[in-house]
Amino acid sequence: MNAVTRVMSKFRLAVVQLQVSSDKANNLSKVRRLVKEAAGQGGKVVLLPVRRSECFLSFFSKYAEKIPGETTQMLSEVAKENKLHLVGGSIPEEDGGKLYNTCAVFGPEGELILKHRKIHLFDIDVPGKIRFQESETLSPGNSLSTFDTPFCRVGVGICYDMRFAELAQLYNRKGCQLLVYPGAFNMTTGPAHWELLQRARALDNQTYVATASPARDEAASYVAWGHSTVLYVLTLHVCGPTPDLQYLADVRQQIPISSQRRDDLYAVTAVQQGSG
Ligand SMILES: NC(=O)CC(=O)C(=O)O
């Protein structure tokens, strides 16, 4: 057990589900207000949703920013003003002529802790229902992303990343007790898979899982499923906003699947840790 997994305690996790629009200034001022409100209610780690531009690939280049840039500068200030860890949803990032879907995480001093670039691009085709080819516009990230808080270790994925069990398993192996996924599933895949995937990731890895989605806007051309969620492991009920890491440790001890893995028969390994 490493230093971080020994520091187990309760803390308040806030998940912000806001109505995201194409008006960036308005989105940012809502974020500032809602994070302050979350901090006022004791939130120590705050998770924001993806920006709507995640779903409008043609808008990606229009809204793309460098990191640091306007949005991340503001997120850094908000983290510092409220003295909390802020998982900044995701924004379109431009770097070296490429576009990424990127989640920036800030610490209580406003420091940039990490950037997670969406690893798995949403290239799907469900005939008559939904088609996306993110790889026509975006480049994939090549790094796993974990960070430490005084409460627990956190693994970060974005939206489609949640479908990949191996990523969550690797985060588990790295000692994560909480997996966070800013996301925006849609009205086809949302009802079918959004919660089920979170339950699967939570149960397999004996972790907490939190997702933040934009609020549903029926008038938008991409209607997000919404349903931001915090899940925990054993009883599989949607829980309140207070992860109890002692409970998690108890579950891991009572059903000790992590020490019962047959590493002699199979392995999930990270083959490459590139930059970005
Ligand atoms: N938008 C995504 O990246 C993923 C999604 O909507 C899905 O997996 O379904």
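1. Strand 2 and strand 3 (residues 85–87) run parallel and are joined by 3 bridges. Two strands count as paired if DSSP finds at least two bridges between them. Helices (H or I, at least four residues) and strands (E, at least two) are DSSP runs, numbered from the N terminus. Within this pair, V45 stands opposite H85 of strand 3.

2. Some ground rules. This is a predicted model: local features need pLDDT of at least 70, side-chain atom pairs count only at pLDDT 80 or more, and totals for chains, interfaces and linings use all residues. Residue numbers start from 1 along each chain as its sequence is written.

3. Strand 2 (residues 43–47) also pairs with strand 1 (residues 12–15), in the parallel sense, over 4 bridges. R12 has G43 of strand 2 as its bridge partner. The chain goes from strand 1 through helix 2 (residues 24–40) to strand 2, a right-handed β-α-β crossover. Right-handed means that, with the strands pointing away from the viewer, the path from the first strand over the helix to the second runs clockwise.

4. How buried is strand 2? Of its 5 residues, 5 are buried, so strand 2 is largely enclosed by the rest of the structure. The cut-offs: buried means 20 or more other C-beta atoms within 10 Å of a residue's own, exposed means 12 or fewer, and partly exposed lies in between, with C-beta atoms placed from the backbone.

5. Strand 5 (residues 98–106) and strand 6 (residues 112–117) run antiparallel, joined by 5 bridges. T102 has R117 of strand 6 as its bridge partner. The hairpin has 5 residues between the strands, and G110 there takes a positive phi near 85 degrees.

6. Now the ligand. Its shell consists of F122, C159, Y160, R163, A184, F185, N186, T189 and H193. The shell divides into 5 nonpolar, 3 polar and 1 charged. Nonpolar covers Ala, Val, Leu, Ile, Met, Phe, Trp, Tyr, Cys and Pro; charged covers Asp, Glu, Lys and Arg; the others, Gly among them, are polar.

7. Check the backbone at P68. The I67 to P68 peptide bond is cis, with omega near 0 degrees. P68 sits in the loop between helix 3 (57–63) and helix 4 (70–82).

8. K83 is not a glycine, yet has a positive phi of about 55 degrees. K83 lies in the loop between helix 4 and strand 3. K83 is exposed, with 12 other C-beta atoms within 10 Å.

Note on methods
Near = placed C-beta within 6 Å.
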